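Please walk through the pockets, cavities and helix contacts of the structure shown here.

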Amino acid sequence: MTDALKRLSDEGVAIWLDDLSRQRITSGNLAELIDQSHVVGVTTNPSIFQKAISEGHGYDQQVSDLAARRVTVEEAIRMITTADVRDAADILRLVFDATDGQDGRVSIEVDPRLAHDTKATVAEAKQLAWLVDRPNTLIKIPATEAGLPAITEVIGLGISVNVTLIFSLERYRLVMDAYLAGLEKARERGLDLAKIHSVASFFVSRVDTEIDKRLDGIGTDEAKALKGKAALANARLAYEAYEEVFSSERWAALDKAHANKQRPLWASTGVKDPAYKDTLYVVDLVAPGTVNTMPEATLEATADHGEVTGNTIEGTYDDSRAVLQAVAKLGIGYDEVVQLLEDEGVQKFEASWNDLLTSTEAELKRLAPSEA
């Protein structure tokens with residue numbers, strides 16, 4: 001079942017699971033995926049935690065204790081989510097040690113309501129790093145305009161970061177620039193650059209969802225022929241940008257100081273359109289030095305019938321540019337689409353966070369000690 005996952009790993013793609021719950025931790029499932037399915041990292045987001053906490057009774061004891069202490073709902077959420085991340089980080093510690101800190105990572109997101117507040121994002125990142133207190137944590141910061149200087153500051157403090165919600169090639173270059181600036185700050189402060197890691201989460205499937213909808217609206221044969229191509233083209237051109245930035249003179253100076261490259265991470269890799277193969281955003285985005293974070297269904301599909309044929313990004317850049325140019329020629333504005341997707345991404349995580357607040361508050365009330 002795992003030959004395809006092994007081949008993927010052998011091609012230099014780190015396989016991370018885009019899901020976490022206490023049940024997955026306590027049942028031994030996460031350890032099993034690490035042992036049998038080549039999983040070497042975990043990503044979380046507000047939607048994942050909202051689903052985990054609202055289902056089942058795995059959190060009852062902790063929520064009951066928190067209710068007895070009469071903590072606020074926001075404090076309860078942070079205690080619950082950081083406990084899961086800490087436990088997952090401990091399970092992945094052997095991977096972390098074996099890969100010199102490259103993998104074995106668990107991501108936890110800053111409060112998405114702070115996405116447009118630089119100072120608050122930095123403060124939240126520092127607090128999360130302190131709360132989890134594990135070297136193999138990544139703090140997720142969104143790649144909004146306010147997020148960029150926050151990334152620089154947090155990296156400059158020596159805190160490892162997963163930059164999330166990247167949709168556009170221009171923004172991705174600014175993310176890499178923010179990372180390098182952060183490393184330069186850390187170097188000035190005398191920090192060990194070898195201990196600072198980062199990934200840049202470039203979202204894939206949502207690009208096809210939005211552009212395909214517009215192509216369907218146009219309805220011509222030319223438009224239909226472009227369906228399912230824009231997301232891969234966008235991601236492959238992101239990898240081209242990664243290769244350029246991390247072969248620059250600026251990078252060479254940091255490389256000499258033992259800095260780590262900021263790896264591209266393919267996020268949103270679950271296929272939304274049933275007309276496409278369910279492994280599309282895995283097997284067609286294979287290149288060394290990348291991370292692919294998959295929901296469990298995509299992980300299982302790749303293990304079962306994924307066809308890993310080697311590097312599927314190399315040599316695609318001209319064709320990828322041609323795809324995006326053809327989409328633009330039909331009147332679909334790239335800049336407008338990627339900005340819409342960023343705005344929607346922040347809004348969706350805010351909505352999930354609010355749902356998380358509501359469901360956790362209900363659990364605190366349900367499990368609160370009765371008045372004597």
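In the largest pocket, H18 supplies the largest share of the lining, 4 residues. The model is predicted, so local features need pLDDT of at least 70 and side-chain atom pairs count only at pLDDT 80 or more, while totals for chains, interfaces and linings use all residues. Residues are numbered from 1 along each chain as its sequence is written, and side-chain values use heavy atoms, with hydrogens and water left out.

Some terms come next. A pocket is an open set of points on a 1 Å grid over the protein atoms alone, with protein on both sides within 12 Å along at least five of seven lines; a cavity is a set of points where a 1.4 Å probe fits but cannot get out, and lining residues have an atom within 4 Å of a point. Grid points are joined across faces, edges and corners, and a volume is the space filled by probe spheres set on the points. Helices (H or I, at least four residues) and strands (E, at least two) are DSSP runs numbered from the N terminus.

The largest pocket has a volume of about 550 Å³. Its lining counts 29 residues, of which Asp 18, Asn 45, Arg 206, Ser 268 and Lys 272 are the closest to the centre. Elements that give two or more residues to this lining include helix H4 (46-54), helix H11 (205-218) and helix H18 (334-366). By class, the lining has 7 nonpolar, 11 polar and 11 charged residues, where Ala, Val, Leu, Ile, Met, Phe, Trp, Tyr, Cys and Pro count as nonpolar, Asp, Glu, Lys and Arg as charged, and the others, Gly among them, as polar.

H11 and H18 also pack against each other, at an angle of about 125° with their axes 10 Å apart. They are therefore oblique to each other. Arg 206, which lies among the residues closest to the centre of the largest pocket, is one of the H11 residues that meet H18, and its partners on that helix include Glu 210 and Arg 214. On the H18 side, the contact includes Glu 336, Leu 340 and Lys 348. By class, this contact has 5 nonpolar, 1 polar and 5 charged residues.

The second largest pocket has a volume of about 280 Å³. It is lined by 18 residues, and Arg 134, Pro 135, Thr 137, Gly 158 and Ser 160 lie nearest its centre. Helix H8 (118-132) and strand S4 (137-142) each give two or more residues to the lining, with the largest share, 3 residues, coming from H8.

How many cavities of 30 Å³ or more does the structure hold? There are 2. The largest cavity has about 50 Å³ of space, and residues including Trp 16, Gln 102, His 197 and Arg 263 line it.

Gln 62, Val 63 and Leu 66 in H5 meet Ala 76, Met 79, Ile 80 and Ala 83 in H6. The contact has 6 nonpolar, 1 polar and no charged residues.

Definitions and conventions
Axes are lines fitted to C-alpha atoms, for helices over the stretch in contact, and angles run from 0 to 180 degrees between N-to-C directions. Angles under 35 degrees count as roughly parallel, over 145 as roughly antiparallel, 65 to 115 as roughly perpendicular and the rest as oblique. Contact means heavy atoms within 4.5 Å.
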